[in-house]
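This briefing concerns the structure shown below.

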Amino acid sequence: MAVNRDPVLKRCRSLGLDPAYLGIDKKSRRQSTRGNKKMSEYGLQLREKQKAKFIYGVLEKPFRNYYAKAQRMQGMTGENLMILLERRLDNVIFRLGYARTRREARQIVDHKSVLVNGKKVNIPSYLIKAGDKIEIVKSDKTAQRFKDVLEVTDGRIVPEWLEADHENLTGEVKELPTREIIDVPVDEMLIVELYSK
């Protein structure tokens, strides 16, 4: 399995991204050494795509597949792409506050610690649907790991399209997200322009 092992803060700095969007509360003290170089149109488009891939932890081929799927759906391609990325199971676990970062959420799903509608799912890219019930397996509910995670993520706001019960480590998808409530700083129109060349 391919894994992105880039240093997170260095990558955030190069993309002009706040690490808080990844669930990381550290800040890099270094300044970007780019100076005042003007970026080309292609450079801007590529940076937006890299930002989206980095935030959601998706590599190039799956990202391209998401884009193709978004094109086939009704509505605007860019918005559909962001909604598809937001519906990933690892992202939902992160949004519910059961993981500090999306990488940790991915690991939790990989280790078969998540039930979707009562069935174990160990595919981080599994797309959830409206009405899905998500919970952490019974054997892990008392684990110290989740107590530590909840201490850190307790102040995090759960998006309005999700409902979380932190005492029982369960959650429900009330509805599918819309682009307006996805707080990721990505201009999806630039991604669409990049792929439509």
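Glu163 has Glu172 of strand S5 as its bridge partner. S5 (residues 170-173) and S4 are antiparallel and share 4 bridges. The model is predicted: local features need pLDDT of at least 70, side-chain atom pairs count only at pLDDT 80 or more, and totals for chains, interfaces and linings use all residues. Residues are numbered from 1 along each chain as its sequence is written, and side-chain values use heavy atoms, without hydrogens and water.

**Confidence**
- The mean pLDDT (the predictor's confidence in each residue, from 0 to 100) is 87, and 93% of the residues score at least 70.
- Confidence is highest in helix H3 (residues 60-72), at a mean of 95, and lowest in helix H1 (residues 8-15), at 79.

**Sheet**
- An open antiparallel sheet of 5 strands has the order S2-S1-S3-S5-S4; strands pair if DSSP finds at least two bridges between them.
- Strand S2 (119-120) and strand S4 (162-165) form the edges, each pairing on one side only.

**Aromatic contacts**
- Phe63, Tyr67 and Tyr195 form a cluster through ring pairs, for which the ring centres lie within 6.5 Å.
- Arg102 sits over the face of Tyr56, 5.0 Å from the ring centre; the criterion is CZ of Arg within 6 Å of that centre and within 35 degrees of the ring normal.

**Second largest pocket**
- Its lining comprises 20 residues, with Ala20, Phe94, Arg95, Arg156 and Asp183 nearest the centre; a pocket is an open set of points on a 1 Å grid where a 1.4 Å probe fits, with protein on both sides within 12 Å along at least five of seven lines, and lining residues have an atom within 4 Å of a point.
- Helix H5 (89-96) and helix H8 (144-153) each contribute at least two lining residues.

Conventions: Phe/Tyr/Trp six-rings, centres within 6.5 Å; stacked < 30°, edge-to-face > 60°.
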